[in-house]
Amino acid sequence: MKLSDACDAYLQDMEARHLRPSTRKSYRSFFRAWRAYAVEHGLPELESFDQAEMRAWRDSWVCKPGTQIKRLQQLKAFFSHAMQVGWIEASPMSGLKPPRSRSKPVMPLSREEFRALIAASVAKPKEQALLFLMRFSGLSIIDAVTLRRDAIRGNELTLRRAKSGELVMLYIPDLVIVSLERIKRPGHMYFFWTGSSQPDTVANYWRLRLNRIARKAGVKDFRTHRLRHTFAVEALIADVDIRDVSTLLGHSSVNTTERDYAQWNLAQRDRLFRITRGIYECNPSLLVFDGCIPRKNITGAVGAAPVKRSA
C-alpha cells in the first residue's frame with residue numbers, strides 16, 4: 001500500500017470518529033513531513049518502513065524531545081490501526097524507544113502571582129472571569145472558553161471534557177459565579193464564545209488575551225495551563241485523594257494524574273516516608289554502625305549531643 005494512501009485513509013478514519021480538529025491538524029502536519037522524507041529517500045510504500053527505516057527517520061528529527069515523544073505516540077497509533085485493517089502484518093514501532101525528556105515541569109501559580117493577575121485584569125471583566133473560572137475549577141482553556149451557561153446550576157458545574165469526553169462535576173465558589181454573572185449576555189448560550197468559530201480558534205484567542213494580562217501583571221513563564229495545575233496542586237496539598245483529583249480534572253486515567261502530579265502527592269510521599277522509616281527502625285544491621293559517625297544536632301554542629309525532641 002502507498003504511504004500517501006495510508007495517511008489519507010487514516011485521516012478520513014479520524015474524521016469519521018469525530019476526533020478534535022486540532023488532533024487531525026497535528027497528524028496532517030506530521031504526515032506531510034513523513035511523505036516528504038519518503039519521497040526524498042525513495043520509500044513510496046508503507047511496507048518500506050521497517051524498524052531500521054523508522055529508526056533512521058527518527059534519528060533525522062531535529063525537534064525537541066517532547067515533540068519527538070509525541071510523534072512516536074502518533075506513529076504507534078497509526079501503525080496499530082494499520083495492523084487492525086490489514087495494511088501491514090507487524091508494527092515497526094515495537095523496538096523504537098522515545099528520547100529522554102528533561103523538560104521543566106509546569107509549576108502552579110503562587111498566591112502572589114494569582115493576585116497580580118487579578119489586579120491586572122480589573123478593567124477587563126471577561127479576562128478576570130476566565131481567570132477565576134480556570135483557577136477554581138481546574139478546567140482547561142478549551143473547556144473554560146466553550147462553557148455553556150446551562151452547565152452551571154447554582155454552584156454546581158457539570159460538563160464533558162472536549163479532549164477526553166470524561167464527565168466533570170464539581171462545586172465552584174460564589175466568587176466565580178459572581179464574576180461570570182457580570183459578563184453574561186442575554187440570549188447568548190456561552191460566556192466567552194459565540195459558538196460560530198472552532199473551539200481551538202476561540203481557545204487561542206483567549207490564550208493570547210490572558211497572556212497580555214500576565215505580561216501586565218509581571219508574571220513570568222505564564223501559561224494558561226498553570227491555572228489548571230494550581231487547582232490540582234491545591235487539592236493534593238489539601239490531602240484530596242489523587243483518584244478524586246483525577247476525576248475532578250477529567251483525566252481518562254489516574255495514571256495521567258500520577259505522572260503529572262507525583263511530586264505534589266503529599267499523601268503518597270508521607271506514606272512512603274513512613275514505610276522506609278519503619279524499615280530502618282527495625283533493621284538490626286544499622287546497629288553495627290552505631291557510634292561510627294559523629295552526630296549533629298538540629299543546628300548542624302557536628303559531634304554535639306543530639307537534641308531531645310518533645311513527644
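Visitor: What share of the contacts in the protein chain with a separation of 6 or more is accounted for by residues 24 or more positions apart?
Guide: This is a predicted model, and the chain in it has 13 helices and 3 strands. Among contacts with a separation of 6 or more, the share that belongs to residues 24 or more positions apart is 59%.

Visitor: Which residues have the most contacts inside the largest nonpolar core?
Guide: In soluble globular proteins, nonpolar side chains tend to be buried together. Here the largest nonpolar core has 51 residues, while a second, separate core of 27 residues includes Leu 3, Ala 6, Phe 49 and Leu 75. Inside the largest core, the residues with the most contacts are Leu 117, Leu 130, Leu 133, Leu 157, Leu 180 and Phe 192.

Visitor: Which residues is Leu 133 in contact with, leaving aside its neighbours within four places in sequence?
Guide: Leu 133 is itself one of the residues with the most contacts inside the largest nonpolar core. Leaving aside neighbours within four places in sequence, its contacts are Gly 138, Leu 139, Ala 144, Leu 147, Leu 157, Val 176, Leu 180 and Phe 192.

Visitor: How are helix 6 and helix 9 placed to each other, roughly parallel or roughly perpendicular?
Guide: The axes of helix 6 (residues 125–137) and helix 9 (residues 199–217) come within 10 Å and cross at roughly 95°. Lys 126, Glu 127, Leu 130, Leu 131 and Met 134 of helix 6 make the contact with Trp 206, Arg 209, Leu 210 and Ile 213 of helix 9, and by class this contact has 6 nonpolar, no polar and 3 charged residues. Since angles of 65 to 115 degrees fall in the class concerned, the two helices are therefore roughly perpendicular.

Visitor: Which residues of helix 1 and helix 4 meet?
Guide: The axes of helix 1 (residues 3–16) and helix 4 come within 11 Å and cross at roughly 95°, which makes helix 1 roughly perpendicular to helix 4. By class, their contact has 5 nonpolar, 1 polar and 1 charged residues. On the helix 4 side the residues are Ala 77, Phe 78 and His 81, and those they meet in helix 1 are Ala 6, Cys 7, Tyr 10 and Asp 13.

Visitor: Is Trp 87 buried or exposed?
Guide: Trp 87 lies in the loop between helix 4 (65–84) and helix 5 (111–120). Not counting residues up to four places away in sequence, Trp 87 touches Met 1, Ala 6, Ala 9, Tyr 10, Leu 46, Glu 47, Phe 78, His 81 and Ala 82; of these, Leu 46 is 41 residues apart from Trp 87 in sequence and 8.2 Å apart in space, C-alpha to C-alpha. The relative accessible area of Trp 87 is 17%, and the cut-off for burial is under 20%, so Trp 87 is buried.

Visitor: What is the relative accessibility of Ser 246, which counts as buried?
Guide: Ser 246 lies in helix 11 (residues 242–249). Not counting residues up to four places away in sequence, Ser 246 touches His 251, Ser 253, Val 254 and Thr 257. Ser 246 counts as buried because its relative accessibility is 4%.

Visitor: Is Asp 221 buried or exposed?
Guide: Asp 221 has its place in the loop between helix 9 and helix 10 (225–237), and its phi is near 55°, a positive value in a residue other than glycine. With a relative accessible area of 64%, against a cut-off of over 50%, Asp 221 is exposed.

Key: Residues are numbered from 1 along each chain as its sequence is written. This is a predicted model: local features need pLDDT of at least 70, side-chain atom pairs count only at pLDDT 80 or more; totals for chains, interfaces and linings use all residues. Side-chain values use heavy atoms; hydrogens and water are left out. Axes are lines fitted to C-alpha atoms, for helices over the stretch in contact, and angles run from 0 to 180 degrees between N-to-C directions. Helices (H or I, at least four residues) and strands (E, at least two) are DSSP runs, numbered from the N terminus. Angles under 35 degrees count as roughly parallel, over 145 as roughly antiparallel, 65 to 115 as roughly perpendicular and the rest as oblique. Contact means heavy atoms within 4.5 Å. Ala, Val, Leu, Ile, Met, Phe, Trp, Tyr, Cys and Pro count as nonpolar, Asp, Glu, Lys and Arg as charged, and the others, Gly among them, as polar. A nonpolar core is a set of buried Ala, Val, Leu, Ile, Met, Phe, Trp, Tyr and Cys residues joined through side-chain atoms within 4.5 Å. Buried means under 20% relative accessible area, exposed over 50%, partly exposed in between (1.4 Å probe, protein chains only).
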